[in-house]
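Please keep the model at hand while reading.

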Protein chains: 2
Amino acid sequence: MKLTEAKQQFISSWGAFGTHWGINRTMAQIHALLLVSPEPMTQDDIMEELNISRGNTNMNIRELINWGLVERVLLSGERKEYFLAEKDMWKVMKQIVKERKKRELEPMLQLLDKLADVEGDKRDKQIRTFVDTISSIKKLGLQADKTLDIMIKADEHWFLGTMMKFLK
Amino acid sequence: MKLTEAKQQFISSWGAFGTHWGINRTMAQIHALLLVSPEPMTQDDIMEELNISRGNTNMNIRELINWGLVERVLLSGERKEYFLAEKDMWKVMKQIVKERKKRELEPMLQLLDKLADVEGDKRDKQIRTFVDTISSIKKLGLQADKTLDIMIKADEHWFLGTMMKFLK
DNA sequence: CTAATCTTTCAATATATTTTGAAAATTCGA
DNA sequence: TCGAATTTTCAAAATATATTGAAAGATTAG
């Protein structure tokens, strides 16, 4: 397969993939494009390559920067901004995990805390089921929270190596 | 907090949560409702409780069944179908992981395999970056695949116990 | 300071997804 | 087998989300 075709396929699949994870197609496509680009790219480069509008490009680059996946680069002597994606996929994964944990898991755990102490007779079946469900979700959530925290801090080799030994 | 309010909040947040994970709001809400319901419920019960149409209810219940999160229950002497959610959250999580792995991770790994052998001079910077990126995504993906497989087969106590030892 | 270049915003538009509800299909008791 | 009860389907409508592009805002070279 030729590079151009492979690149197209990668960008398009990464985009489709993103939509399953609550990330919009364009954001994922820009990310994919920058991931396989050896050099930093400008907004215009990206617009042209993906055939999308200036506004759309701008918004989604910004979002990628918020997620910590892309950084602005200033090339000396150039007026334009260039954009560069983090290429170390372990770091990329940790960054995504970190953000999603902050944006989703942590608020959910807070909510579960509030919901856990519902009033009423604990012998009531409705109440008991509610409390039990909430508390088992919370237990699993806390477990995940801890595990992810360690992963976020970990070095790739240590983490994967140790993990593999344990899970064998 | 009263049970009714707590339930409302749980259902509504679980729905919002779902949308961040590529699951539609209604499907997540029905799941939440069934998770905290001690008894199996009928389609009509669900429609009424969530104020949604018959068609919508039916479609999403079926989708939950496809995901293996809800099962049909026939109560003796009753014509109607009842629906019951798996309450063991460890099993629920394993089931979700299993399905997403099959639907998303595995196809992605297949694609990466195809993309990995792009033609061309490996000294070309474009090609090298492409190949390197693809192969490091693949490496991480395979790692995840293995880990998730172990988790899917694992018993909760063994898995969490091992994790905890590992993470200390 | 000015003008050219570049970036950001956002209302309007386009697209995609979800929901409805009525009709068709199925199921099952009598 | 009939017909009432129940489930399923799916085209149309409603809603939600993403995209455009032109205008406004910001930045910097000269």
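The model is predicted: local features need pLDDT of at least 70 and side-chain atom pairs count only at pLDDT 80 or more, while totals for chains, interfaces and linings use all residues. Residues are numbered from 1 along each chain as its sequence is written, chains are lettered from A and ligands numbered from 1 in the order in which they are written, and side-chain values use heavy atoms, with hydrogens and water left out.

**Extent of the contact**
- About 5500 Å² is buried between chain B and chain A, 73% of it from carbon and sulfur atoms (accessible area, 1.4 Å probe, lost on being put together, summed over both parts).

**Pairs across the contact**
- Six salt bridges link chain B and chain A (a side-chain nitrogen of Lys or Arg within 4 Å of a carboxyl oxygen of Asp or Glu).
- One of them joins A:E39 and B:K125, whose closest N and O atoms are 3.1 Å apart.

**The chain B side**

**Helix α5(B)**
- The 28 residues of α5(B) should span 40 Å at 1.5 Å a residue, and its end C-alpha atoms, 38 Å apart, agree with that (expected span: 1.5 Å times one less than the number of residues).
- At B:K101, α5(B) bends by about 45 degrees (angle between axes fitted to the seven residues ending there and the seven starting there).

Technical notes. Buried area is the accessible area (1.4 Å probe) that two parts lose on being put together, summed over both. Helices (H or I, at least four residues) and strands (E, at least two) are DSSP runs, numbered from the N terminus.
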